[in-house]
Amino acid sequence: MTSSNWTDFRTAEPDFADTVRRRFEQYRHHVLATLRTDGSPRVTGLEVDFRLDEPLLGMMPNSRKALDLRRDPRFAVQANPGPDAEMADGDVRISGRAVEVTDPDLLARFIDEVKPPEPFHLFRVELTEVVRTGIEGGDTLVVQVWRPGRPLHTIRRGNDDGPTVTEP
């Protein structure tokens, strides 16, 4: 599966990337899904930190989620839906591969900006999919999907039995 970094995503779809980033920045804690050694899902809380021009995933040393990602880098992060069912800005998820940051200069810049408790694991993301789901006009479900190398795809579906309308 093709992956892409945040800069490539932002270059391809700047408005959509801004929407996704703003949605993640509304709340501090989000939900990370990783894969256990037996292949079953593990879901846990996580902070997504947009620093150094990309979303970064920081974790405590040798946490289960960090060990999961070191073994199998596939992940999905669901943005915190907020305190109620309104989700005026939609529901956002990023999926891809988490790559552990080992570059000493990058780690030093992160430590200088964030001042995280040390030691820690830091992962950058290589995106395979970005999805936003929302409601327009009170009754139309809108799903936007971006994948590397493809244009943003939008699906609209109303509360009727009519056909789903898709846009490239």
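Which residue just after α4 takes a positive phi? Lys-115 does, with a phi of about 55 degrees. The legends below describe a predicted model.

**Figure 1. The whole protein chain.** The predicted model holds four helices and nine strands. Along the sequence the elements run α-α-β-β-β-α-β-β-α-β-β-β-β. The radius of gyration is 17 Å, close to the 15 Å from the globule rule for 168 residues, so the chain is as compact as a globular protein of that length. Its C-alpha atoms fill a box of roughly 55 × 35 × 30 Å along the principal axes. Of the 168 residues, 38% count as buried. The chain exposes about 9,700 Å². Carbon and sulfur atoms supply 48% of that area. Take the contacts between residues at least 6 apart in sequence: 52% of them join residues at least 24 apart.

**Figure 2. The largest nonpolar core.** This core has 26 residues. Phe-9, Val-20, Phe-24 and Val-77 have the most contacts inside it. Several elements give two or more residues each: helices α1 (6–12), α2 (14–25) and α3 (64–71), with strands β2, β3 (54–59), β4 (74–78), β5 and β6.

**Figure 3. The surroundings of Phe-24.** Leave out residues up to four places away in sequence, and Phe-24 still touches a list of neighbours. Val-48, Val-77, Val-92 and Ile-94 are among them. Phe-50 and Ala-79 also touch Phe-24. So do His-30 and Gln-78.

Figure 4. Side chains of opposite charge can pair when their charged atoms come close. Arg-51 forms a salt bridge with Asp-49, with the closest N and O atoms 3.0 Å apart. Arg-51 also forms one with Glu-113, where the closest N and O atoms are 3.6 Å apart. Arg-51 sits in strand β2 (residues 41–51) and Glu-113 in helix α4 (residues 104–114), so this pair ties together parts that are 62 residues apart in sequence. Is Arg-51 buried or partly exposed? Arg-51 counts as partly exposed, because its relative accessibility is 28%. Glu-113 is partly exposed too, with a relative accessible area of 42%.

**Figure 5. A salt bridge between two strands.** Glu-129 and Arg-93 meet through their side chains at 2.9 Å, N to O. Glu-129 belongs to strand β6 (residues 121–136) and Arg-93 to strand β5 (residues 91–100), so the pair links parts that are 36 residues apart in sequence. Glu-129 counts as buried at 15% relative accessibility, because buried means under 20%. Arg-93, at 25%, counts as partly exposed.

Figure 6. How many salt bridges does the whole structure hold? A search finds 13.

**Figure 7. The two ends of helix α4.** Asp-103 stands at the start of α4. A side-chain oxygen of Asp-103 reaches to within 2.7 Å of the backbone nitrogen of Asp-105. Glu-113, the partner of Arg-51, lies in this helix. Just after α4 comes Lys-115, the residue with the positive phi.

Technical notes
Residues numbered from 1 in each chain as written. Predicted model: local features only at pLDDT ≥ 70, side-chain atom pairs only at ≥ 80, totals over all residues. Heavy atoms only, no water. Salt bridge = Lys/Arg side-chain N within 4 Å of Asp/Glu carboxyl O. Buried < 20%, exposed > 50% of the residue type's maximum accessible area, 1.4 Å probe, protein only. Core = buried A, V, L, I, M, F, W, Y, C linked by side-chain atoms within 4.5 Å. Contact = heavy atoms within 4.5 Å. Rg over C-alpha atoms; globule rule 2.2 N^0.38 Å. Areas by Shrake-Rupley, 256 points an atom, 1.4 Å probe, with all protein chains shown as cover. Polar contact = N/O pair within 3.5 Å; in protein donor to acceptor, adjacent residues only side chain to side chain.
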